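Thanks for taking a look at this one with me.

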Amino acid sequence: MQICLLWLTVMSSAAQTVYDVTAAGAIGNGITDDAQAIQRTIDRCSQEGGGRVLLPRNHTFLAGPIELKSNVELYLEATATLKANPDESIYHLSAFGENRGEGMLWLYANHAENISIAGKGTIHGNGIAFMGAELSDSYELKPLADQAFDPRPHVLTLTDVRNLTIRDVTIKEGAYWTVHLIGCNEAVIEGINLLNNLKIRNGDGIDLDHSKNVRIANCHITSGDDCICLKNRREFEQYGSCHDITVTNCVMSSRSCAIKIGSENMDSIYNVVFDNCIITGSNRGLGIQNRDEGTVTDVVFSNIQLDCRLWSDVWWGKAEPIYVTSYPRANGNHKDANWRFPKGQIEGKCGEVSRIYFNNITATSENGCFVGGDVAGKVNDIFFNNVRVSLLGNGPRSMDKRPCKGEGFIQANLKAMKAMKVPLVTENATVNVQ
């Protein structure tokens, strides 16, 4: 029996070698932590030249932290689940290097190539297990014994990975960020269902951080925080700018901003296209939220249907369907200055936002669009072509500038567009009040 099992484990087809994690001792009963067995399988697969690490159907593999390796396809068969161990004490590796205050690593890779995550199975972040009490609009965050250490695990953190594919899987219930690409090059995310609990704070869907040449297509994303976010965080400045990104054919819903650029941006973000997407029930639709010295240029939003709704101030946004801003963030203190601001500083500045195009956008919203900058010319060349906004209600509204210096909200009468210190170019822009 043992000989037969080992033969099945390494049986090679013309395409690839398959390594079944149960042959390495994984139980898959949803109770035993299978991380060691899964890690042994990944290590062996990579060392022997690569192949498929198989999580077979009808199993739930509970696991703590796991490192993915080069030339490995992690494949989850239908009805197979990989689930985060809810024991907070086992998560020790920070998702942001020396900044240990924003969560830990669960599934991760560093400086690798040719990694694939695929199949019809489920990666389950077990998010509610890491939350406090349920509130009407969110979950409370548990009090931390050490304020510099947040044990909540990020679901998938891939750093400096070249040639990456995430396809077809369901990823759900993250406790913090869900798919975080840092300094990655040549990545495809296609056909996934990313279904986070809408009440979990910091539950970003896909974060592209200092990454380039990324294609996201045909995905369904629900997320308490931003569904898709582009940024350049200071902790990873060695990886340079974020550019050449396309997102198409996606359906999204968020309690914060469905598609966002920023707020962390200490480098440049450019050559970005979002096309043919539907956004429903979001606190903000399309947002550029520049709060650092980096720049955002040459971004196109086209053929997008928006439905924006007011949620509570727990979430950033005031139902603005379109939001383009550049404001310096509030001054820091010496505790957080090592990552929010340039080294040794506690005060930052914000960079230019320009050549941003909105084409064929239809929105129904409880608020209007907001475009603004801290000084004249900081935000410029913002183009609106065939943008139609249907406003719900006729009462006073406020615009949300957070995070920023000074007051976070601007009072404004309800109208399709509010611009501050910004010239706009509009063609065929209309508004209806309902």
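**Notes on aromatic pairs, cores and a helix**

1. Both Phe-96 and Phe-236 are buried. Please keep in mind that this is a predicted model. The two ring centres of Phe-96 and Phe-236 are 6.0 Å apart with planes at 40°, so the pair is tilted. Phe-96 belongs to strand E8 and Phe-236 to the loop between strands E19 and E20, so the pair ties together parts that are 140 residues apart in sequence. Phe-96 also has the charged end of Arg-233 over its ring, 4.0 Å from the centre.

2. A second pair to look at is Tyr-323 with Phe-370: the centres are 6.0 Å apart and the planes at 45°, so this pair is tilted. Tyr-323 is in strand E26 and Phe-370 in strand E28, so the pair ties together parts that are 47 residues apart in sequence. Tyr-323 has 1% relative accessibility and therefore counts as buried; Phe-370, at 0%, counts as buried.

3. Now for the cores. The largest nonpolar core has 95 residues, and Leu-82, Ile-166, Phe-301 and Phe-358 have the most contacts inside it. Strand E9 (residues 99-119) gives the most to this core, with 7 residues. Apart from it lies another core of 9 residues, including Leu-105 and Tyr-239.

4. Phe-301 forms one aromatic cluster with Phe-274, Phe-358 and Phe-384. Among the residues that Phe-301 touches are Ile-259, Leu-286 and Tyr-357.

5. Finally, helix H2 covers residues 35-47 and reaches 18 Å from its first C-alpha to its last. Its buried residues include Ile-38, Ile-42 and Cys-45. After H2 comes Gly-49, with a positive phi near 105°.

Note on methods. Residues are numbered from 1 along each chain as its sequence is written. This is a predicted model: local features need pLDDT of at least 70, side-chain atom pairs count only at pLDDT 80 or more; totals for chains, interfaces and linings use all residues. Side-chain values use heavy atoms; hydrogens and water are left out. Helices (H or I, at least four residues) and strands (E, at least two) are DSSP runs, numbered from the N terminus. The expected span of a helix is 1.5 Å times one less than its number of residues. Buried means under 20% relative accessible area, exposed over 50%, partly exposed in between (1.4 Å probe, protein chains only). A nonpolar core is a set of buried Ala, Val, Leu, Ile, Met, Phe, Trp, Tyr and Cys residues joined through side-chain atoms within 4.5 Å. Contact means heavy atoms within 4.5 Å. Rings of Phe, Tyr and Trp (its six-membered ring) pair if their centres lie within 6.5 Å; planes under 30 degrees apart count as stacked, over 60 as edge-to-face and the rest as tilted. A charge sits over a ring if NZ of Lys or CZ of Arg is within 6 Å of the ring centre and within 35 degrees of the ring normal. Lists of a residue's contacts leave out its neighbours within four places in sequence.
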